[in-house]
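Please walk through this structure with attention to its pocket and to the charged side chains around it.

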Amino acid sequence: MEQCKTSPMKNEAARIRRIFMLLKEHYPRARTGLRFENPYQLFVAVLLSAQTTDEQVNRITAPLFAAVPTVAAMAKMKAAELEPYLKSCGLYRNKSRYLVEASRMIMGEFGGALPDKFEDLTRLPGIGRKSANVILYAAFGKPALAVDTHVYRVSRRLGLSAAEDTAGVESDLKKALSPGEWGPAHHRLIAHGRALCRARRPDCARCFLKSCCPWKE
Ligand code: SF4
């Protein structure tokens with residue numbers, strides 16, 4: 001794999017282009033680890049994924065989707081009936097309640113179809129800015145860039161943003177990339193955050209972005 005050679009950096013735009021080119025080269029097929037077959041299933045999986053790994057969410061959703069296969073079925077559930085399915089998931093009581101309330105809202109206000117607009121998605125209980133962006137890109141193929149803990153950390157270390165909140169990092173990344181690159185960039189920054197640029201002890205010695213990364217421990 002080619003290393004980042006933009007040193008000394010000719011200009012900031014070239015450095016950023018180089019970073020995303022190398023991320024694409026190293027993580028060409030990065031995508032969500034959540035298993036889903038339709039927008040309803042992704043909505044459920046994303047809502048469950050707060051403070052829970054993708055693998056754990058997948059273990060929960062396999063039996064859950066068999067028992068509660070549609071948003072209409074979910075809207076008829078009581079939160080207490082969902083809890084046994086979600087028990088191994090962090091915050092399972094809140095998540096059970098959110099799933100039922102959000103499904104009832106989807107049935108009542110959106111005709112039973114998961115909405116595909118950011119403003120509508122973020123009105124659903126349990127769906128914040130990050131989750132709405134994940135759904136927009138992964139379920140509907142719309143340009144969106146979700147900033148989770150990995151995207152936030154890696155972007156700041158790489159000097160792609162100095163913003164102190166996720167909305168600011170999202171805004172900076174969107175300005176640096178074309179809309180068609182937003183979703184893939186999200187997945188590649190996550191992949192890099194898991195593989196090398198980990199929260200604790202990032203593996204800078206092995207990192208292919210080392211020569212264009214300003215971060216110092
Ligand atoms: S050089 Fe280190 S801090 Fe910079 S992106 Fe690579 S792993 Fe992260």
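The paragraphs below take up the pocket and then the salt bridges.

This is a predicted model, in which local features need pLDDT of at least 70 and side-chain atom pairs count only at pLDDT 80 or more, while totals for chains, interfaces and linings use all residues. Residues are numbered from 1 along each chain as its sequence is written, and side-chain values use heavy atoms, with hydrogens and water left out.

The largest pocket has a volume of about 470 Å³, where a pocket is an open set of points on a 1 Å grid over the protein atoms alone, reached by a 1.4 Å probe, with protein on both sides within 12 Å along at least five of seven lines, and lining residues have an atom within 4 Å of a point; the volume is the space filled by probe spheres set on the points, which are joined across faces, edges and corners. Of its 23 lining residues, those closest to the centre are Ser-49, Asp-54, Asp-148, Ile-190 and Arg-194.

Two of these residues, Arg-194 and Asp-54, also form a salt bridge, with the closest N and O atoms 3.8 Å apart (a side-chain nitrogen of Lys or Arg within 4 Å of a carboxyl oxygen of Asp or Glu). This pair links distant parts of the chain, 140 residues apart. Arg-194 is partly exposed at 49% relative accessible area, whereas Asp-54 is buried at 13% (buried is under 20%, exposed over 50%, partly exposed in between, with a 1.4 Å probe and protein chains only).

The structure holds 10 salt bridges, among them that of Glu-109 with Arg-123, at 2.8 Å from N to O.

Terms used: Helix = DSSP H or I, 4+ residues; strand = E, 2+ residues; numbered from the N terminus.
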